[in-house]
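Open the model in your viewer and keep the selection panel at hand. This tour tells you what to select, stop by stop.

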Amino acid sequence: MASSLIRLLLPWRQPKPHHLFPFSLNPTKTSFLFHLRRCQASTSSPKRLILTQDERSKGSLSTEREAIVGSGTIAAIVTSLGGGPAAVGIVRISGPTAVAVAGQVFRPVKRWKEEGGCVAWRPKSHFVEYGYVLDNDGNVIDEVLAVPMLAPRSYTREDVVELQCHGNDVCLHRVLRACLEAGATLAEPGEFTLRAFLNGRLDLSQAENIARLISAKSAAAADSALAGIQGGFSSLVKSLKIQCIELLTELEARLDFEDELPPLCLPSLIDKISVMRHDLQDALDTANYDKLLQSGLQIAIIGRPNVGKSSLLNAWSKSERAIVTEIAGTTRDVVEANVSIHGIPAMLLDTAGIRETDDIVEKIGVKRSEAAALAADVIIMAISAVDGWSEGDAKLIEHIVTSQKSANQAMTAPMILVINKDDCKPKDLLVSFEEICSGLFKKVVRTCALTGAGISELEKAVLEVRGLEPISSAGRKWTVNQRQFEQLLRAQEAFFRLHTSIEEQLPMDFWTIDLREAALALCQISGDDISEEVLTSIFSKFCIGK
Amino acid sequence: MASATPRLLSFLFTPLRLTYPIHAIRTSHRSRTLSFLSFNLRRPNGRLRTVSSFASNGTNGMERMGQKDEERYDVIVVGGGHAGCEAALASARLGARTLLLTLNLDRIAWQPCNPAVGGPAKSQLVHEVDALGGEIGKMADRCYLQKRVLNLSKGPAVRALRAQTDKREYAMEMKKVVESNSNLFIREAMVTEVLIGKNDNIQGVRTFFGMDFFAPSVVLTTGTFMSGKIWVGRASMPAGRAGESASLGLTENLQSLGFETDRLKTGTPARVDCRSVDFSGLEPQYGDEEVSWFSFDPECHIEREQMCCYLTRTTSETHKLIRDNLNETPTYGGWVDAKGPRYCPSIEDKIVRFRDKESHQIFLEPEGRTVPELYVQGFSTGLPERLQLALLRTLPGLENCVMLRPAYAVEYDFLPAYQCSRSLMTKKIEGLFFSGQINGTTGYEEAAAQGIISGINAARHSEGKPVIVLERESSYIGTLIDDLVTKDLREPYRMLTSRSEHRLLLRADNADSRLTPLGREIGLIDDRRWDLYQSKQLRIKEEKERLKNVRVSGGEFAAEVATVSGQPVRDHTTLESILKKPHVQYKLLDKHGFGNENLSKCEKDCVEIDIKYAGFIMRQQSHLQQIVNQEHKRLPEDLDYYSMTTLSHESREKLSKVRPQTIGQASRIGGVSPADITALLIWVESNRRKANQRTQQELLRSGATDNHMAASSPTDSVVQATAI
C-alpha cells in the first residue's frame with residue numbers, strides 16, 4: 001500500500017520513462033523536456049488517488065487490470081439473426097470474466113468425461129475445444145465449439161470466448177441466455193467494436209462510424225425504453241420498483257436519523273420483502289414462459305426400435321415425414337417435424353431406436369438419439385402395447401436417466417410415457433406397468449399412431465408437464481426482451497441474497513445493499529434513476545431534523 | 001511572462017527539493033522570530049523563491065520597507081471556523097507560513113448551532129479527518145459533555161459516534177492549538193477583495209482597512225458571513241451570526257471576477273436557561289457507559305464526567321400557537337424565499353407538512369459545563385421574538401423557562417461548487433480555494449473535511465507540488481467533495497450515509513487504514529502517530545491469523561455459541577468461523593478466555609468486522625473495482641462540449657457548465673445519459689490518439705533539430721528562453 005501511494009503521490013520518484021522518447025538522442029534534453037511536461041501536467045491536472053483498498057483488506061482484491069474500459073463482461077450473438085437458418089451461429093463473450101462465464105456454461109467433452117466437469121475451465125488461448133453448453137439447471141442446450149482468445153490477442157483486447165453453436169435462432173438465444181445467467185451483461189449495440197476501439201485496437205477512421213452507430217441506436221433504444229414495455233409488465237416493474245424504494249426509504253431513514261424516528265416493524269418488513277420476491281419470481285416465470293412461446297418446445301421421441309416412434313411423428317405432424325417400415329432400426333438419423341400445440345410451436349424429434357447394435361451407422365444414430373434426448377424440453381418415451389413394459393425398456397430408461405445425471409442436469413426434462421399400438425391390446429393389462437414407472441414419468445398416455453387416437457391427449461399432457469397453459473386468457477402474456485430479462489434476473493439474484501442476509505440475521509445496513517441493487521436493476525428496465533429518489537422520499541415521508 | 005517565472009523555476013527545482021524532506025515543523029516552544037529564521041534556513045530553494053519573486057512584480061504596497069516579510073505568506077486562510085482552522089493547521093503543519101484572518105479572534109472554531117459533533121455519516125467524516133492528521137476529532141474527544149454510539153445494531157458501516165460538546169471549551173481549546181503553531185499567524189481582519197495576478201492566479205487579499213496580504217494560495221472559508229443577514233420574525237439585520245457583523249464586499253468582488261453566487265438559508269433554535277427548566281418529568285438521555293473516541297490517537301482518550309440530555313415533545317398548544325401565527329413566519333408569510341434544508345425544517349414546517357403527527361420530539365442539550373444555556377434541538381423557528389417565549393413555554397418542562405437567545409434564521413451567499421475542482425481550487429483563479437459553507441454545505445464536520453483538503457492543497461500549491469484529490473470511493477470526504485462539485489445544490493448539503501454508494505467499505509473503524517498512509521505521505525502524520533498506526537495494524541493482522549488457526553471443540557464455549565447463534569458448533573471449529581456466526585461477538589471469546597488481551601476494544605472491533613463481514617466486503621470491493629477503471633478515466637479540462645454533436649443538447653450544456661474531471665463525475669451529472677458517456681469516451685479516445693500522433697511527429701521533428709543544435713548551444717539557454 002505504502003509503496004503504491006508513494007508512486008501515486010510522488011511521481012518524480014518513478015524511474016524516468018526514457019522509452020517515451022525514442023527519438024531524442026540527447027539525454028539532458030530528454031530529462032528537461034520530461035520535467036517540463038510533468039510540471040505542466042501537475043498544474044493543470046490534480047493528482048488522482050485511488051484509496052479504495054484499505055490496508056486491512058489488502059490482497060483480497062484481484063490485481064488491477066489496466067486499459068480495460070468496459071466495466072464488466074458482455075455477451076451477444078454476433079452472427080446475423082432472423083435471416084433463415086444458418087449452419088453456424090456465434091455467441092461472443094468479452095471482458096475480464098469472460099473465461100469464468102464461459103466456464104460456467106461450457107463443458108468440454110474431454111474434461112467432462114475425465115473429471116466429471118467439476119474443475120474450472122482453464123482454456124489455452126486460440127485452441128478450439130469441443131463440448132456442450134448447459135443452462136442454469138444443468139440441461140444441455142447445444143453442442144458447440146468454444147474458441148478462447150485471451151487478452152490481448154483478441155478483437156476487443158480483453159479475454160474473449162466465442163461459442164460456435166448451431167445456427168438456429170432458438171439455440172443461439174438459449175446459449176446467450178445461459179451466458180447472461182452466468183453473469184455476463186448483454187452487449188450494447190456496437191459495444192464489442194467500441195471496446196476494441198477504446199482498448200486501442202481499431203484505427204481512428206473507424207471511431208466516427210462507431211460513434212454514429214451508437215448514438216443512432218441508443219437514441220432509438222431510449223425512445224422505445226418504456227414504450228416497448230407492455231401494460232402488464234410495465235406496471236409490475238413499476239410497482240416492484242416503488243416498493244423497493246419505499247423499503248429503502250424506511251431503512252435508510254433509520255440509519256441517518258436514528259433517534260428521530262420510531263423503530264421499524266421488522267416482521268412486516270420481512271413479509272413485504274418475501275411478497276416482492278415472490279412477485280419477481282412470478283415475473284421471471286412469465287418471462288420464461290414467454291420465452292418458451294417464442295422459441296418453441298423441443299420434444300424428443302425415444303424408445304426401443306420398432307415401437308412406432310416414426311408413426312407417432314407422422315400422425316402428430318399429419319405428414320409422411322419419417323419412413324415407416326416393419327424393420328426394426330429403420331430410422332437411423334434424427335428426423336424433425338414442426339407442429340403447433342395449441343398455438344405453441346414445437347419441434348418433434350424422431351430418433352433412432354435405442355439398442356445395442358454392431359451396425360456402425362445405427363450406432364451413430366443411437367448416439368444422436370441420446371444427445372437429442374438430453375437437449376429436449378420434453379421426452380416422450382414410446383413403448384408398444386403389444387410387448388408391454390419389457391426389460392429392454394427398463395434398461396433404456398435407466399440409461400437415459402444416468403446420462404442425464406452425468407451431464408449434471410439438476411432438473412431433467414419431464415418425461416411422458418406413450419403406450420403406442422393401443423388398439424392391439426386390451427386396456428386392463430396395461431395398468432400394472434403404469435404403476436411400475438409412475439415415478440419416472442409425469443404422464444402416461446395411450447395412443448394409436450395408425451388411427452391418430454390419443455394425439456390430442458398427448459398434446460395436453462405435453463403442455464401440462466411443461467406448466468404451459470394454452471394462450472387464451474390474456475393478462476399474463478407479455479413480451480420481455482433479452483435486456484429486460486437480464487435486469488429481472490439481476491433483481492431476483494439481489495432478492496435472493498437479501499433473503500439470505502435476513503436469514504443469517506445480518507444487521508439492517510446489509511439489507512440495503514441488495515435492496516438497492518434490486519431497485520437499480522428494476523430502474524434499468526423503466527429507465528429511471530434512483531440516486532436522489534430515496535433521499536427525496538425520506539424527506540417527504542418523515543419529519544426529520546433539528 | 002514575468003509572473004510565470006517563479007512557477008517555472010520552482011518546477012525545475014522539484015526534484016532537488018527532495019533532498020529537504022518536509023516534515024511538519026512543530027517547534028511550538030521556539031519564538032516566532034526564531035522559527036521564521038529556521039524556516040528560512042530549512043528551505044533555501046522552496047517557498048522563499050516563490051515569495052521573493054513577488055517583489056520584482058512591484059505589486060501594491062510591496063515597496064514599503066519593514067512590511068515586506070510580514071505581509072507575505074505561503075498560504076492565507078480567510079475565516080476561523082471549523083473549515084478555516086483545519087485548513088490553517090494543515091497548511092502550517094506542512095511547513096507553509098500561514099496567515100489566518102478572522103473577523104473576531106474570540107470566535108475561533110465557534111459552534112453557532114448544535115453543540116454536537118458527529119452522528120451518522122458526519123462521524124465518518126470526523127474519523128477520516130483525524131486519520132489524515134486533522135484536529136476536529138481530537139477537539140471533540142477533549143471537550144465532550146456526552147457521547148453516544150448510534151445505530152449500534154444496524155451494521156458496522158452505519159455505526160456512528162456523536163458527542164455533545166462544551167462549545168466555550170471547544171473554541172478555547174482550538175484557539176490554543178491554533179496559537180501554538182509557530183508557522184501559523186492570526187490576525188483580525190475583514191477581507192473585502194482578493195488580489196489577482198496577470199495569469200488569473202491569486203496573489204493575496206485586501207482587507208477593509210486597506211491592508212494587503214500576499215500569498216500564492218488563498219483559502220476562503222467565509223461560512224455564513226458573506227453578505228449574511230439574520231432574521232427574527234420580520235426584522236432583519238446584516239450579520240454573519242447573531243451579534244457578529246457580516247462580511248461585506250467580498251461577494252461583489254468575486255462576482256466581478258466572474259464567479260456565480262447564490263443564496264442559502266439556515267437557522268438555529270432558541271437557547272433557554274437550564275436553571276429555569278423543570279427536568280423532573282422529562283425523559284433523560286444518558287451517555288454511553290463505555291466511551292468511544294473519534295480520534296485514533298490514544299493520547300486524546302481521556303474520560304470525563306458526562307452530562308445528560310433530555311427529551312420533551314411538542315403539545316397541542318404548540319401546534320395551535322403556530323397555526324394561529326403562520327403568517328408571522330418568513331416562509332408562510334412570504335417574505336423570505338431562500339432555500340432552507342429539508343433535513344433541518346423549522347418547527348412550523350414540520351407542523352404544516354406533517355399535519356397528522358400530533359407531537360414532535362424535542363431534545364434539550366447542554367451547551368457547556370459552565371454555562372446555563374440549553375440548546376432546544378428540533379425547535380428552530382422563524383416566528384418573531386415576542387411569540388418565541390410563549391411557544392417555548394408550551395413544551396412540558398419548559399413552562400416557566402427563561403429564554404436567553406431567540407431563534408433566528410440566517411441568509412448568506414455561497415458559490416455553487418461546480419466552480420471548484422475536486423482539489424477545492426477554483427477553476428477560474430489558480431491558487432484560490434473555497435471551503436465550508438461557502439461551497440453550500442452545512443455542519444462542522446463537512447466544513448472540517450473540506451478544510452483539511454483545501455489546507456493541504458493550498459500548502460502543496462504554494463510549494464509547486466501537485467495537489468491531491470480524494471476519489472469518491474476512497475472516503476466520505478471524497479464523496480462529499482465529488483457531490484459538491486458535480487451536483488446541483490438546492491439546499492445546504494449535509495452528509496448522509498445514503499449518499500455513499502459503497503458505504504460498507506467506508507467505515508469508521510477502517511478510516512485509519514484507508515487514510516493514514518496518505519496522511520503520512522502528505523506529511524501530517526508524525527512518527528509517533530505512524531508508529532502507533534503500524535503497530536495497531538500489525539496486532540490486528542496477527543490476531544486474525546491467530547483466530548484462523550486456533551480450533552476449539554465442545555465445552556461451555558461451544559454450547560454458548562450454539563445458544564447465541566442458534567447454529568450447531570462442529571468439533572475442531574476455528575475461532576474465525578465461530579466469529580462468523582450470527583450474534584457471536586468478540587466479547588464472547590473474551591468471556592471464555594479465547595480472546596487476546598493485548599488488543600484494545602477498538603482493535604477487537606476491527607478484527608470482528610473484518611472476519612464477520614468478509615464476504616460482503618469482498619463483494620463490494622470487486623463491485624467497486626469493476627466500475628473504478630472506467631470511472632476514473634480522465635477528461636481533458638479544455639474539452640469543447642458544444643462541438644460534440646454526438647452528445648445530447650442538454651448534456652452539452654450541463655457538461656460545459658460543470659466541466660467534470662473524470663468520466664465517473666460526468667455520469668453523475670443530472671441529465672447526462674449513458675449514451676452521452678459512451679459518446680464522450682469515444683471522443684476522448686480518438687482525441688487522445690490524434691494528440692499522440694501529433695506529439696510523436698513533433699518529437700520526431702524536434703528531435704532532429706535538437707540534435708542539430710545540441711552541439712552549438714548549452715541546455716541552460718533553452719531553459720532561460722522558455723522561462724522569460
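**Ground rules**

This is a predicted model: local features need pLDDT of at least 70, side-chain atom pairs count only at pLDDT 80 or more, and totals for chains, interfaces and linings use all residues. Residues are numbered from 1 along each chain as its sequence is written, chains are lettered from A and ligands numbered from 1 in the order in which they are written, and side-chain values use heavy atoms, with hydrogens and water left out.

**Stop 1: chain B as a whole**

Select chain B and colour by secondary structure. There are 26 helices and 24 strands in chain B. Helices (H or I, at least four residues) and strands (E, at least two) are DSSP runs, numbered from the N terminus.

Switch to a surface. Chain B exposes about 28400 Å², and carbon and sulfur atoms supply 52% of that area. Accessible areas come from the Shrake-Rupley method with a 1.4 Å probe; for residues, only the protein chains shown count as cover. Of the 724 residues in chain B, 61% are buried. Buried means under 20% relative accessible area, exposed over 50%, and partly exposed in between (1.4 Å probe, protein chains only).

Now turn to contacts, meaning heavy atoms within 4.5 Å. Take those in chain B between residues at least 6 apart in sequence: 72% join residues at least 24 apart.

**Stop 2: strand S18 of chain B**

Select residues 373-377 of chain B, which form strand S18. How many of its 5 residues are buried? The count is 5 of 5. B:Glu373, B:Tyr375 and B:Gln377 lie on one side. B:Leu374 and B:Val376 lie on the other. Both faces are covered.

Two strands pair if DSSP finds at least two bridges between them. Strand S14 (residues 271-273) of chain B runs antiparallel to S18(B), with 3 bridges. A hairpin of 6 residues joins S17(B) to S18(B).

**Stop 3: strand S7 of chain A**

Go to chain A, residues 160-166. This is strand S7, with 5 of its 7 residues buried. Strand S3 (residues 88-94) of chain A joins S7(A) antiparallel, over 7 bridges. A:Ile93 has A:Val161 as its bridge partner. S6(A) also pairs with S7(A) in the antiparallel sense, over 5 bridges. A:Ala146 is bridged to A:Leu163.

**Stop 4: A:Asp142**

Stay in chain A and select A:Asp142, in strand S6 (residues 140-149). Which side chain of opposite charge is nearest to A:Asp142? That is A:Arg174, 9.3 Å away. Lys and Arg count as positive and Asp and Glu as negative; His and the chain ends are not counted. A:Asp142 is buried yet has no salt bridge. A salt bridge is a side-chain nitrogen of Lys or Arg within 4 Å of a carboxyl oxygen of Asp or Glu.

Leaving aside neighbours within four places in sequence, the contacts of A:Asp142 include A:Tyr132, A:Cys165, A:Cys171 and A:Val175.

**Stop 5: salt bridges**

The structure holds 55 salt bridges over all chains.

- Select A:Glu250 and A:Arg254. Their side chains meet in a salt bridge (3.0 Å, N to O). Both lie in helix H8 of chain A, 4 residues apart, about one turn of the helix.
- Select B:Arg619 and A:Asp514. They form a salt bridge (3.2 Å, N to O). The pair crosses between chains, from helix H22 (residues 614-631) of chain B to helix H16 (residues 508-526) of chain A. B:Arg619 is partly exposed at 26%, whereas A:Asp514 is buried at 0%.
- Select B:Lys122 and B:Glu446. Their closest N and O atoms are 3.3 Å apart in a salt bridge. The pair links helix H6 (residues 122-132) to helix H14 (residues 444-462) of chain B, 324 residues apart. B:Lys122 is buried at 9% relative accessible area, and B:Glu446 is buried at 0%.
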